[in-house]
Amino acid sequence: TAYGSVGKWDRASTTLEQIAAVRPTDLPLLMRIGDARRYHGDLDGALQWYQRSARLAPESSMPGFVIAQAQVDAGRYADAIRSYTSLQRFPADVGVAEHDLGAIALLQNRGTDAAWYLRRAVKTQARVIQTWRALIAAELTRRDHDTALKQLERIATTWPNDAQLRYLEGV
């Protein structure tokens, strides 16, 4: 952690890997090694450590979400889509995975796909404003202004003073 705080991610990952040799079943440690590799610019090395974490804890969705986010950050959208799709096997995380799949579709300017995923996501996580914002943006990307306004009306009383929702309403 100290090496990381001063930006010496190569030394951080080397030191953490030495500790992992002694503690090979420490999930947070394996994830931290992946993070150190990622911050050092070694995406493939990071993905290997994250995948090792996923094998260690197949009942946890955490490694999968970290893998998928690293892929998005690197612009590997096809890989990220596969990763997020596989995370839908965790019932508690379906809404989050669908939100993220919708966000990727928005990044790729695929408004119809984005709206489909985000409509599903708001059903399972209706109290997450970021999902509603993304859904409305997807509807606007599709040029379906009526549906966007209907979505805004549905949540107007929940977040009456949200500046981003008001902006989307103006659009």
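**View 1. Helices α6 and α7 are roughly antiparallel to each other.** The model is predicted; local features need pLDDT of at least 70, side-chain atom pairs need pLDDT 80 or more, and totals for chains, interfaces and linings use all residues. Residues are numbered from 1 along each chain as its sequence is written, and side-chain values use heavy atoms, without hydrogens or water. Helix α6 covers residues 77–86 and helix α7 residues 94–107. Their axes come within 9 Å and cross at roughly 160°. Axes are lines fitted to C-alpha atoms over the stretch in contact, with angles from 0 to 180 degrees between N-to-C directions. The crossing of α6 past α7 is left-handed (the near helix is turned anticlockwise from the far one by less than a right angle).

**View 2. Residues of α6 meet residues of α7.** From α6 come Tyr77, Ala80, Ile81, Tyr84 and Thr85. From α7 come Ala97, Asp100, Leu101, Ile104 and Leu107. The contact residues (heavy atoms within 4.5 Å) divide into 8 nonpolar, 1 polar and 1 charged. Ala, Val, Leu, Ile, Met, Phe, Trp, Tyr, Cys and Pro count as nonpolar; Asp, Glu, Lys and Arg as charged; the others, Gly among them, as polar.

View 3. Helices are DSSP runs (H or I) of at least four residues, strands (E) of at least two, numbered from the N terminus. The C-alpha trace spans about 60 × 35 × 30 Å along its principal axes. Of the 171 residues, 44% count as buried (under 20% relative accessible area, 1.4 Å probe, protein chains only).

Conventions
Angles under 35 degrees count as roughly parallel, over 145 as roughly antiparallel, 65 to 115 as roughly perpendicular and the rest as oblique. Buried means under 20% relative accessible area, exposed over 50%, partly exposed in between (1.4 Å probe, protein chains only).
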